[in-house]
Amino acid sequence: MEVAPKKHDAEQLAAVALKAFGNVMSEWGVSLSEAAGLADMSESTWKRARKPGYAGGLTKDQMLRLSAVIGIYKALKLYFSEPVASRWMTVPNNGPLFEGARPVDTLIEEGLPQFLRVRNYLDALRGGA
């Protein structure tokens, strides 16, 4: 029998995920609207969510998105050196998943399946898949 996680634990996990996600957004230099789109939030919700003490909670989809972004960030850091690792998501890419678009734009437009495709793509590039 599995015990459901406590609400307090879910709130702590969400707080950690939001802080890490916010740090990645800063490093990637994405706009407020892009960060909100990646997190599947309105801009006003993202403004509140990035502040300590946010009590709004996250949906499973949002948690998956944030987790995938952290995985993408890690893969970029492992595969590329700076400044490519920090800029890769925000420059046009002719790779098979992007067709000349910026990876960040494809994530926003295509949603969670694209997050997972990009993460798998980067893991495969570095030999982890």
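Asp-61 comes out as partly exposed, at 27% relative accessibility, where that label covers the range between buried (under 20% relative accessible area) and exposed (over 50%), using a 1.4 Å probe and protein chains only. This is a predicted model, so local features need pLDDT of at least 70 and side-chain atom pairs pLDDT 80 or more, while totals for chains, interfaces and linings use all residues. Residues are numbered from 1 along each chain as its sequence is written, and side-chain values use heavy atoms, leaving out hydrogens and water.

Asp-61 pairs with Arg-65 in a salt bridge, meaning a side-chain nitrogen of Lys or Arg within 4 Å of a carboxyl oxygen of Asp or Glu. The two sit four residues apart in helix α4, so about one helical turn separates them. Arg-65 is buried, at 7% relative accessible area. The structure holds six salt bridges, including these:

| Pair | Closest N and O atoms |
|---|---|
| Glu-27 and Lys-77 | 2.5 Å |
| Arg-65 and Asp-61 | 2.8 Å |
| Asp-105 and Arg-102 | 2.8 Å |

Glu-27 is partly exposed, with a relative accessible area of 31%, and Lys-77 is partly exposed at 31% too. Salt bridges with shared partners tie Glu-27, Lys-77 and Glu-82 into one network.

Asp-105 is partly exposed at 25%, and it also turns up in a helix contact (heavy atoms within 4.5 Å): Glu-34, Gly-37 and Leu-38 in α2 meet Val-104, Asp-105, Leu-107 and Ile-108 in α6.
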